[in-house]
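Here are my notes on this one, point by point. Have it open in your viewer while you read.

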Amino acid sequence: MLDRAHLDIVRAVDQHGSLTAAAASLHLTQSALSHTVRKLEDQLGVPIWHREGRSLRPTQAGQYLLAVAKRLLPQLDQAEERLRQFARGERGTLRIGMECHPCYQWLLKIVSPYLAEWPMVDVDVKQKFQFGGIGALFAHEIDMLVTPDPLYKPGLRFEPVFDYEQVLVVSLAHPLRTADHVEPHQLSDETLITYPVSTDRLDVYTRFLTPAGVSPRRHKPIETTDIMLQMVASGRGVAALPRWLVEENAERFGVVPVKLGPTGVDKQIFLGFREAEADIDYLGAFVELARARRDA
């Protein structure tokens, strides 16, 4: 009863707001589209839209069908594109979502040798999925997720590929610059600069401050790593970042890494992907390359 064309129509009407605009986007006449809609509603035995002048508002059944269209059409689009790539003799495109801000700099070190080894594969990095990439994996909007905080769900697999230490970042003039490590209470009078993420997803809180019952004097979110480091260098606060990222930028910005607690805060970067696609050669090769660089 339902086919791809019906889902395309439902999505187009939702995107464009009227049958006329939807028909134009689908390269159909309005009469042909209206006929298809009436026939579908007759077959289903339920209206899909409430008609209010020239605009359409989905009924409860229409809202359900729209949700189905939004879930299935991206998967169909991906399948069709992959088949076209096979037909053209191409292997495909590896779409990578980023779920942490500093992971992008790490990813660049993997992408360059990967593209050299796999000349028939394109890489598309999507940063809009920061801190919300699990849904993008399930919706087939991306093929791989780079994250330091894997969320294990049926149908997904996460592989650890890079170990790092989360450290406190201070300026060259900060009293803690020569400390062997910092204790939680020493941040109680500090401005803590972090990426704009809820505190329950920030390791400096969950694994350092919160267990000790300590809060910084002020918490200031900043989205850009360079601006964050410039703020720290100018004495406007302290930050928590991966040690490797701080050491790469220490001379440029004039900042120093300090261990969080006597044993430090160890972390890993994971690559997540759908289990059903684990055997795709170019996807597996990316994981193996990332793991090899970790062990090198």
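**Notes on the model**

1. Lys-70 is partly exposed, at 49% relative accessible area; the cut-offs are under 20% for buried, over 50% for exposed, and partly exposed in between, with a 1.4 Å probe and protein chains only. Its salt-bridge partner is Asp-14, with the closest N and O atoms 3.8 Å apart. Asp-14 sits in helix α1 (residues 4-16) and Lys-70 in helix α4 (residues 60-87), so this contact ties together parts 56 residues apart in sequence. Asp-14 is partly exposed as well, with a relative accessibility of 39%. A salt bridge here takes a side-chain nitrogen of Lys or Arg within 4 Å of a carboxyl oxygen of Asp or Glu. Helices (H or I, at least four residues) and strands (E, at least two) are DSSP runs, numbered from the N terminus.

2. Some housekeeping before going on. This is a predicted model, in which local features need pLDDT of at least 70 and side-chain atom pairs count only at pLDDT 80 or more, while totals for chains, interfaces and linings use all residues. Residues are numbered from 1 along each chain as its sequence is written, and side-chain values use heavy atoms, with hydrogens and water left out.

3. How many salt bridges does the rule give? The count is 21. One is between Arg-217 and Asp-189, at 3.7 Å from N to O. That pair links distant parts of the chain, 28 residues apart: Arg-217 is in the loop between α7 and β9 (218-221), and Asp-189 is in the loop between β7 (181-182) and β8 (191-194). Both ends are exposed, with Arg-217 at 52% and Asp-189 at 56% relative accessibility.

4. Arg-252 and Asp-226 also meet through their side chains in a salt bridge, at 3.2 Å from N to O. Here two helices are linked, with Arg-252 in α9 (residues 243-253) and Asp-226 in α8 (residues 225-233), 26 residues apart. Arg-252 is exposed at 56%, whereas Asp-226 is partly exposed at 28%.

5. Next, the cavity. What lines it? The lining of the largest cavity has 21 residues, and those nearest its centre are Pro-102, Pro-148, Gln-166, Tyr-195 and Asp-203. At least two lining residues come from each of β6 (156-171), α7 (203-209), β10 (238-242) and β12 (265-274). On the method: a cavity is a set of points, on a 1 Å grid over the protein atoms alone, where a 1.4 Å probe fits but cannot get out, and lining residues have an atom within 4 Å of a point.

6. Strand β5 (residues 144-147) is worth a look. Met-144 and Val-146 point one way, Leu-145 and Thr-147 the other, and all are buried. In a regular strand, side chains alternate between the two faces of the sheet. β5 pairs in the parallel sense with β3 (residues 92-98) over three bridges, where pairing needs at least two DSSP bridges between the strands. Leu-145 is the bridge partner of Gly-97. β5 also pairs with β12, in the antiparallel sense and again over three bridges, and there Thr-147 is partnered by Phe-270.

7. β1 (residues 49-52) and β2 (residues 55-58) are antiparallel, paired over four bridges. They make a hairpin with two residues between them, and Gly-53 in the turn has a positive phi of about 70°. Arg-51 stands opposite Leu-56 in β2.

8. Two histidines deserve a backbone check. Most residues other than glycine have a negative phi. His-27 has a positive phi near 60°; it is in the loop between α2 (19-25) and α3 and is exposed at 74%. His-140 also has a positive phi, about 60°, but His-140 is in the loop between α6 (133-138) and β5 and is buried at 16%.

Conventions
On a 1 Å grid over the protein atoms alone, a cavity is a set of points where a 1.4 Å probe fits but cannot get out, and a pocket is an open set with protein on both sides within 12 Å along at least five of seven lines; lining residues have an atom within 4 Å of a point.
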